[in-house]
Amino acid sequence: MLRSFRSCGARIAPPPLTRHWAVAPPLTRRWASTGAMATPPPARPGWRPIKKVSMVRTSGGALLLCKREPSPERPAHSRAAQASAWQPQCAAPSPAQMDIKTVAIYSKEDFNSVHRTKADEAFLVGQDKSPVGAYLSAEEIENNVDAIHPGARQDQAPARNTRFVELCEQAGITFIGPPSQVIQRFGDKTEARQLAEEFGVPVVPGTQHSVETVEEARDFCQSIGYPVICKAAFGGGGRGMRIVRSEDELETNFLSASREATTAFGNGAMFIERYVESPRHVEIQIIADGTNATHLFERDCSVQRRHQKIVEVAPSIGLPESLRESLYADAIRITKGAGYFCAGTVEFLVDRKTIQVEHTVTEVITGVDLVQIAAGQKLHEIGLSQEDVAMRGFAIQARVTTEDPAEDFRPDTARLSAIAAATPSCSGRIQVWRPAEGFGIRLDGGNAYPGARVLAHYDSMLMKTNIPFILNVLKHPDFVSGHATTSFIGDNPQLLDFTDARDRGQKQYLESSSPRVLTEEGPEGFAKAVRQSQGLLLTDTTWRDAHQSLLATRVRTRDILAIAPLTSHVLGKCYSLENWGGATFDVCLRFLRECPWERLQQMREDVPNVPFQMLLRGANGVGYTNYPDNAVFKFCDVAVKNGMDVFRVFDSLNYMDNLKLGVDAVGAAGGVVEAAISYTGDISDPSKAKYTLDYYLDLARQLVECHIHVLCIKDMAGLLKPAAATTLISALRKEFPNLPIHVHTHDTAGTGVASMLACSAAGADAVDCAVDSMSGMTSQPSMGSLVAALQNGERDTGVELQELSKLIEYWETVRFSYAAFESGQKSGSSEVYDHEMPGGQYTNLQFQSTSLGLADQWSQVKRNYAAANRLLGDIVKVTPSSKVVGDLAQFMAANGLDEEGVRAQAETLSFPSSVVEYFQGAIGIPHGGFPQPMQAQVVKELPVFAGRPGAELPPLDLDASMAALKAKYGDSTSETDLMQTTPRVFEQFKADVHHFGDVSKLPTRAYIEPLELGEEISVELERGKTIGISLEAIGMLNEKDATREATKVQRPKADGGDVNSVGAPMPGVVVETKVALGENVAAGTPMLILSAMKMETVVAAPVAGRVAQLTVASGDDVQAGDLLVELQ
């Protein structure tokens, strides 16, 4: 269906192609369908308004059904409709504004079609039939409707299907178009030919009836000679047409055309006529009401390929005036004499007196909306006579299709997107959609929107490929002078000489390593393209590590998606966007109450052109402990299916066995394996002998043997100084000349930009950075600084600074919303070289310390962090090992312990669970082994892992786990639900969603901060459904003094001098009580588990005894020093 010129209303029924027009100044539209007529036509007996409309796409058109709403004033059997209430093109005003409901019928292939999603109701038809055959299932179409409109392309089924219209008439349904007897006469080319002869319209020799066999065709062709053209007798639009130049070609071409007609129109009958070489194809637009007929001038459709019109021009250029008037007269004579009803076209020299819907170039030059007669009005009722129609200016229509002229116009759907290859059952997705706009431009788009699938089952519609070809056509002298004929394209092969224009609005990243390379050539091809890139490639960490480092990982999905389209454009040439995994996964569930899988899916939908990168903690997945091997493999597989591309695989201790497990899991899933070596120490400092250059080179050799695709140096604390960076990257590049090298760092000390420039000069292929307003300090180095420093040089990043500024401004504004999570750090700090705290942990640990009541001891916590690192053996610090160090540092601060105090009391202290598990070997074995006697003092009699911890875990029963989830949460449970972090975290998330609903819909400020009294916000729950929320009151007020009463529970405190009085070592929540009142316990027996900000602590019995008092239960909040257990 067509949108009226200059209309801004929403389209419901898409035409088959995207069409662009360059037009003369618009006319005042006397018959515009974008509003009700000032004076409605006189009522007729039995007429009633249409109340419900439905649509169906029919090979490039849309079938509209008008729902019957019986009422005493409007009986169900009445069929006609007031034209003022019926506007098939569904332009503004919308059907809803006209009190018309919409219903769609669709094939299974059209599930995502615009016409289905925008309808009030939608019904599947032809489920077991072909894509086209589904729409020929007339008997399946719901008959509780007022009227049916056959769509924008009435030259295709079912508009030409007489039987279809007869079924409508028998069911009492108004068919918005010609009655069945008119379709029979005009839709059948043989009968149309007889009509032309009857009314004295000249025709070329052709068959008197439809032809169904090769023998019939051969007999006729022998009588008139060759060449001839075979046409579908009951179809159009260029389908089912073949030229036959000799008898040798007849059988093959006849059968081929017949098969195509059967597929497209459900009828393979042929019409054959003498083929006219290189004619001009001129069409006369007619609008008739069964009694009178008016022509709306002509259009030239001579520029064709395979008998399908490519460019239309109205009016025709260079047509002699006498011939023009003769064509008008012939067209009026045949349509008026035959009692034609509806909008239609009479085509000359190729003789087709066919029923076609309105042509838009005609609408543009006349200002007449051609759908009104189809709605049942008489010409005189709308004041439309031949004298009222005037022609002004010219209009050119060009059809943009997905055919590639450089490949003989091969339909170009399979290469549109990486998603297409991942989903073979579909064709491509539209990755970029920028419709033409502006004065004098009219656009009729099909299913055109970002992410829309381009199906191979219907007309090739709208995308990149034939635009340069159309531009060549429009500039050719023969076209400009009006001398183009139907052989114009074939006679001018130079039309196919063009440069494939680049998409400057949506650049493909890495040029040669775009999603197409990743899809078609796999991770190996991707790695090769990275290595071949001359410029320095960038990874933007703004969507993950940057906000983890600066804002405690609290940035919500809605704030990411709001900038996603612009990010897709500005950073289209980047190596990747780091946007998932790591702490963001856990924080999504625990604190943001959002599903991390849905976040990934939404980001992938909005950014189809840049690789996504995640952080995978080796054998730990995205959790803080080991998982069964098959669970890690399954997680990676599901992540790839949901849009993840590059997996940065690391281990918190550089423990090779854990790294190999992650590498194997990603490789099996088909992802890009970017294996990371976590950097610590300082290879430029001779006094630091534990982590040397040889240590890192040896790790790299072991990883290369695992067939990785990319090597990453992961400097999680910002310890890699420029000199050390030059030494390390130069050595790696020399030993591994073909291996892509990617470097990650933090800017905590303020040297990040200098270090990354040094890496670039030493041979690194890619580095991490963040948008300027989310960079610096504990985040990554400034992207803008790197871009500017390398601009116009050999290592130019390809990122435009002016475009980047838009992202900088956005995040600068958004960051204010998360001020509550800022660390308060105002500048970089070189003290990181002492405490070595990872940038991603800094703000999280500070926030946790504040929550634990240690805000005034933050400086001590940082000093304790360095001491804890020494106590643990000077280890690599990255999640989860960094969490172990942080937990121990906070434990020391909460209990007033220094390094020596911990060593002295190690055997009696109730260390955090993470510390105990570390010494058990639960996250692996650190370089150089565990320090003694600390390990023995902490572990005591607990078991110790001898090798890779996950190897001892039994496989997860995935089927049983899924069955259990479905039993608890319903059949809608998916494999992404199975692949969450821990059952307890997921259960709490589901409980929160059940209790609070989808809180991701709340504006960020309202989610983070409480509303002010009397404040009101708007929340869009779903499309078109917005509610208002206001804070009217808070609690119960004391009317005497306007105060609110609160009750505070005071718990008894433990006696610090009595070993039998066991107190809480830090503030937190009681997760589990493991003893009961009266139970006898041995020294070291776990009695309770406390949790505070993701840190769990086991409270063990300091001495043997009987539980005389248990003051807490699961779920209770406690403060440091509160009495938990009294022993006797």
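Is Leu 1021 buried, partly exposed or exposed? Select Leu 1021: with a relative accessible area of 42%, this residue is partly exposed. Keep in mind throughout that the model is predicted.

**Stop 1: a nonpolar surface patch**

Stay with Leu 1021, which sits in strand β30, residues 1016-1022. Together with Leu 1021 they make a nonpolar surface patch of about 220 Å².

**Stop 2: a negative surface patch**

Which helix gives the most to the negative patch? Colour helix α5, residues 214-224: this helix contributes three residues, the most to the patch. Asp 219 belongs to helix α5. Its relative accessibility is 52%, so Asp 219 counts as exposed.

**Stop 3**

Move to Tyr 226 and Pro 227. A cis peptide bond joins the two, with omega about 5°. Pro 227 is placed in the loop between α5 and β8, the latter spanning 228-232.

**Stop 4**

Select Arg 299 in strand β12, residues 293-305. Is Arg 299 buried or exposed? Its relative accessibility is 0%, so Arg 299 counts as buried. Show side chains around Arg 299.

**Stop 3: a salt bridge across the sequence**

Side chains of opposite charge can pair when their charged atoms come close. This structure has 38 salt bridges. Select Arg 280 and Asp 300 for one of them: their closest N and O atoms are 2.6 Å apart. Arg 280 is in the loop between β10 (270-274) and β11 (282-289), while Asp 300 is in strand β12, so this pair ties together parts that are 20 residues apart in sequence. Both Arg 280 and Asp 300 are buried.

**Stop 4: Arg 599 and Glu 594**

Jump to Arg 599 and Glu 594. Their side chains meet in a salt bridge of 3.5 Å, N to O. Where do these two residues stand, buried or exposed? Arg 599 is buried, and Glu 594 is buried too.

**Stop 5: a salt bridge within one helix**

Select helix α30, residues 899-905. Glu 899 forms a salt bridge with Arg 903, and the closest N and O atoms lie 3.2 Å apart. What separates Glu 899 and Arg 903 along the helix? They are four residues apart in helix α30, which means a separation of about one helical turn. Check the exposure of each partner. Glu 899 has 17% relative accessibility and therefore counts as buried. Arg 903 has a relative accessible area of 35% and is partly exposed.

Select Glu 283, Arg 299 and Glu 312: salt bridges that share partners join them into one network.

**Stop 6: another cis peptide bond**

Go to Gln 932 and Pro 933. The peptide bond joining them is cis, with omega about 5°. Pro 933 lies in the loop between α31 (913-920) and α32 (934-939).

**Stop 7: positive phi values**

Select Asn 654. Asn 654 is in the loop between β25 (646-649) and α20 (656-669). Its relative accessibility is 6%, so Asn 654 counts as buried.

Then select Glu 836. Phi of Glu 836 is near 60°, a positive value in a residue other than glycine. Glu 836 is in the loop between α26 (832-835) and α27 (839-851). With 9% relative accessibility, Glu 836 counts as buried.

**Stop 8: Asp 1117**

Finish at Asp 1117 in strand β38, residues 1117-1118. With a relative accessible area of 54%, Asp 1117 is exposed. Asp 1117 and Arg 1051 are 9.9 Å apart in space, C-alpha to C-alpha, and 66 residues apart in sequence.

How values were computed
Residues are numbered from 1 along each chain as its sequence is written. This is a predicted model: local features need pLDDT of at least 70, side-chain atom pairs count only at pLDDT 80 or more; totals for chains, interfaces and linings use all residues. Side-chain values use heavy atoms; hydrogens and water are left out. Helices (H or I, at least four residues) and strands (E, at least two) are DSSP runs, numbered from the N terminus. Buried means under 20% relative accessible area, exposed over 50%, partly exposed in between (1.4 Å probe, protein chains only). Patches are made of residues with over 30% relative accessible area and no salt bridge: like charges are joined within 9 Å, nonpolar side chains (Val, Leu, Ile, Met, Phe, Trp, Tyr) within 5 Å. Accessible areas come from the Shrake-Rupley method with a 1.4 Å probe; for residues, only the protein chains shown count as cover. A salt bridge is a side-chain nitrogen of Lys or Arg within 4 Å of a carboxyl oxygen of Asp or Glu.
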